[in-house]
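Please work through each task before reading its solution.

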Amino acid sequence: MEPSGGSRDARPAVTPVAAVLPAGGSGERLGGATPKQFCAVQGRPLVSYAVRAMERISWISDIIVVVSPENIETMKSIIEKYGHKRVMIVKGGITRHRSIFNGLKVFAKNEFSNHLLQKPEVVIIHDAVRPFVEEDILSKVVMAAKEHGAAGAIRPLVSTVIASAADGCLDHSLERARYRASEMPQAFLFDTIYEAYQQCTDYDLDYGTECLHLALKYCNTSAKLVEGTADLWKVTYKRDLYAAESIIKDNLSQQVCVITNVKEAVAQVGFLLHESLKSQIKVEAVSISLSKNDSHLQNIFSGQCYNFICVNDRKYAIQETQQLVDMLEKSSIPLLYPVVLILVHLDISENISFSIGMEELTRIKKFAREVKKKNILVYGLLIQYK
């Protein structure tokens with residue numbers, strides 16, 4: 001799925017929060033010439049999904065994407081194409097830890113002085129190839145880091161971990177119930193994780209992979225472990241790209257936004273639609289005036305909803321629908337995936353003729369042909385409502 005917004009109430013009582021996304025891997029295990037973070041899923045690079053997951057959360061102030069030098073221009077083009085905001089690109093190092101360290105340096109004094117950002121109280125570290133991260137788990141690790149200094153998502157081990165002896169035979173196995181798989185996201189008090197990176201050895205920087213371990217080893221900070229959800233998995237192999245695409249397709253079809261104006265009869269129809277659909281799919285209903293720049297609707301766009309039911313009376317319906325189309329275009333949503341827009345036109349007048357109804361439907365058909373060129377699929381329904 002396109003990462004969804006999660007709970008809108010899951011706001012940590014701490015500001016500012018920043019995110020560092022290491023995206024400098026070569027993707028050797030995936031195979032092919034393109035690093036996995038730049039592989040297209042539903043026509044959009046994987047890294048863009050991860051950036052969007054952070055970007056749509058208002059309490060994350062800055063997003064640092066760390067890429068290898070040869071991919072900086074590629075990342076710049078992705079940011080421009082998909083309209084990403086609050087994003088800074090940083091040149092990565094030769095290893096994962098060195099890349100993360102470079103990402104943290106943009107917040108530190110006397111480092112990158114021309115691009116110095118406000119130092120966050122808490123910093124999130126999340127892989128650019130883990131696109132399915134919800135606001136709820138991000139909030140949980142941030143709040144846990146605020147209290148404990150460090151926190152990270154975990155999941156139960158799927159397979160038993162064993163160790164082999166020098167002769168290639170079984171030496172021992174670990175008791176699976178006692179161990180967990182370390183996942184992302186992780187969060188840290190910025191001063192804690194930055195100090196850990198400053199103190200760690202070249203060996204740790206070159207061969208280590210676990211940020212929580214650095215906080216424990218160099219700052220004596222025991223991370224709080226937060227149970228994560230099953231969708232935190234990392235795209236590693238080619239089969240994972242197919243799985244990610246399937247999840248995105250499935251979830252895009254399972255959410256819809258019902259938009260009405262503020263008139264009582266129209267709002268009532270919107271309410272009934274919401275009530276009838278909510279047991280089957282994820283539904284969000286908003287009652288607004290499209291002539292105004294509604295922040296709630298903008299949040300829905302940033303959450304990447306692709307299905308809309310717009311309920312209105314007949315008067316000025318096409319004009320208001322055009323305003324909605326303009327807002328969708330500005331959001332860059334149709335660049336990724338076709339937007340389905342169902343126009344439900346209520347005729348609540350006393351005098352209605354068949355010919356007038358057909359004229360309305362003809363206008364909708366003409367309008368639909370025009371906006372289809374913008375990857376927005378419009379369907380019309382005219383209802384006589386008394």
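**Exercise 1.** Identify which residues of helix 3 meet which residues of helix 5, and describe the packing.

*Solution.* Step 1: His97, Ile100, Phe101, Leu104 and Lys105 in helix 3 meet Phe190, Ile193, Tyr194, Tyr197 and Gln198 in helix 5, where contact means heavy atoms within 4.5 Å. Step 2: these contact residues comprise seven nonpolar, two polar and one charged (nonpolar: Ala, Val, Leu, Ile, Met, Phe, Trp, Tyr, Cys and Pro; charged: Asp, Glu, Lys and Arg; polar: the others, Gly among them). Step 3: helix 3 (residues 96-105) and helix 5 (residues 190-199) pack at an angle of about 130°, with axes 10 Å apart; the axes are lines fitted to C-alpha atoms over the stretch in contact, and angles run from 0 to 180 degrees between N-to-C directions. Step 4: helix 3 is therefore oblique to helix 5 (under 35 degrees is roughly parallel, over 145 roughly antiparallel, 65 to 115 roughly perpendicular, the rest oblique).

The model is predicted: local features need pLDDT of at least 70, side-chain atom pairs count only at pLDDT 80 or more, and totals for chains, interfaces and linings use all residues. Residues are numbered from 1 along each chain as its sequence is written, and side-chain values use heavy atoms, leaving out hydrogens and water.

**Exercise 2.** State how many residues the largest nonpolar core has, and which element gives the largest share.

*Solution.* Step 1: the core has 36 residues, a set of buried (under 20% relative accessible area, 1.4 Å probe, protein chains only) Ala, Val, Leu, Ile, Met, Phe, Trp, Tyr and Cys residues joined through side-chain atoms within 4.5 Å. Step 2: helix 4 gives the largest share, six residues.

Note on methods: Helices (H or I, at least four residues) and strands (E, at least two) are DSSP runs, numbered from the N terminus. Buried means under 20% relative accessible area, exposed over 50%, partly exposed in between (1.4 Å probe, protein chains only).
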